[in-house]
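Trainee: Please take a close look at one loop for me. Then show me how other parts of the chain compare.

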Amino acid sequence: MPLFSRRWIVGVGVPALAVAQSRADDQVGFGHETYVEDHGRMEINTETVRVEKTIGPWLDLTVRGVYDGISGATPTGAPALDQLTLRQPKTHTPTPSTAITGYTRSLDAVSGASPGAAGGNAALSRNTIPLADSHDIRRGIDVATALTFGANRLTPEFSYSRENDYISYAGALYYALELNEKNTILNVGWSHSYDQVLANSFTYLTSRAIKNSDDFLVGFAQVLTPQTLMSMNATIGHEEGYLNDPYRSVVFDETSLDANARALLEGEKRPSTRDSQAVLLSLTQAVQPLDGSIEAGYRFYHDSYGIIANTIDVAWYQKIGQMAVMSPSLRYYRQGAAHFYDIQFAGDPINDPGRVPRYYSSDYRLSFLEAFTVGIEGTIKLSDQFDLKFGYQRYWLGGLDHQTRQSTYPGANIFTIGLNYSF
């Protein structure tokens, strides 16, 4: 499931600086982020190197490299054993949950192989959701060139990333037009990604699959007063191809049990297309008596899965002397569930295919949920050329459907640190 995020970088002072397309200093930056979920779940360590260089009076180049190390455990999608309500195929006789010893994938049951990552834990507590170990490395690079001709700015961009089970190629083209003595900027953009999902022994995917995505953006930024900046962006997205998560399992109420009394799991099935619409509004207000500024934002999202989501952000940027800026922030996110989400589904693809719904997923990220994020970020100017950046965020995710176990949803700590060199 695509996750939409936006990082706001707002300088303390006159918001018009955020609208005018001023040429930045040449920079080299390094950043590190550690994302750690509670209870030994997922941990992601990200290293980023960014280079910004003005090549000529009309040409700027930005190159960014990313390295992610991913490890830990994540829910498979199957519910805890004590939540199961199974019936014997054809006779519909209830199967006591105490008679079920665990889970195995249908693929593993046929081949005789061990359940692997998608199948769940070998020794599973009856009131604990199954988790699967996950380890991966992602390497990526982004290259953007900004071409400025008077009031016009055109930015083509290309990115590539690779994981053990995923390869992504993406391109984008953005255009900005300055108006009203640079107090107004109009923006339009388009991006396309071509992704290859690779099969491996721990997924329900048996051969390479393709996914294509397109996003279109239109928006503007407007200086309302010397201390007030407003912006609005609207996006439309379309995805098609293989949109399943190949690691996610589902369980049907008439599934068979193997010789070890384990319930057979199947892979999820999502629609092969997804359309989305989003609107983002933000307002920045300088508060000169306090030498700071406040930024508030609201985002509305809707897609063809039936998900409707709302996000509210607020951040305060406080200048401390001449050398530092501190920024506490708060974000609240709430979404409805996809129309094909549940923790268990009717029928069975083999034993009772007539009752099986057209689409089905038990990926908790598609459920009715809410998330809170609180954090603080800071920038300290060490010298004329060096800036130190650091931050901490606490993230909570919780379910609202009263059926998905709360232990499914993670909480996490996020630590960031970075150093920029201007030349």
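Mentor: Lys-182 sits in the loop between β9 (166–179) and β10 (184–197). Strands here are DSSP runs of E, at least two residues long, numbered from the N terminus. The model is predicted, so local features need pLDDT of at least 70, side-chain atom pairs count only at pLDDT 80 or more, and totals for chains, interfaces and linings use all residues. Residues are numbered from 1 along each chain as its sequence is written, and side-chain values use heavy atoms, with hydrogens and water left out.

Now the backbone. Lys-182 has a positive phi, near 70°, and is not a glycine. Most residues other than glycine have a negative phi. Lys-182 is partly exposed, because its relative accessibility is 40%. The cut-offs are these: buried is under 20% relative accessible area, exposed is over 50%, and partly exposed is in between (1.4 Å probe, protein chains only).

Next, another loop. His-92 lies between β4 (86–87) and β5 (94–95). His-92 is not a glycine, yet its phi is positive, about 60°. With 34% relative accessibility, His-92 is partly exposed.

Then there is Ser-407. Its loop runs between β20 (386–399) and β21 (411–422). Ser-407 has a relative accessible area of 44%, so it is partly exposed. Leaving aside neighbours within four places in sequence, Ser-407 is in contact (heavy atoms within 4.5 Å) with Arg-41 and Ile-129. From Ser-407 to Phe-252 is 155 residues in sequence and 21 Å in space, C-alpha to C-alpha.

Notes: Helices (H or I, at least four residues) and strands (E, at least two) are DSSP runs, numbered from the N terminus.
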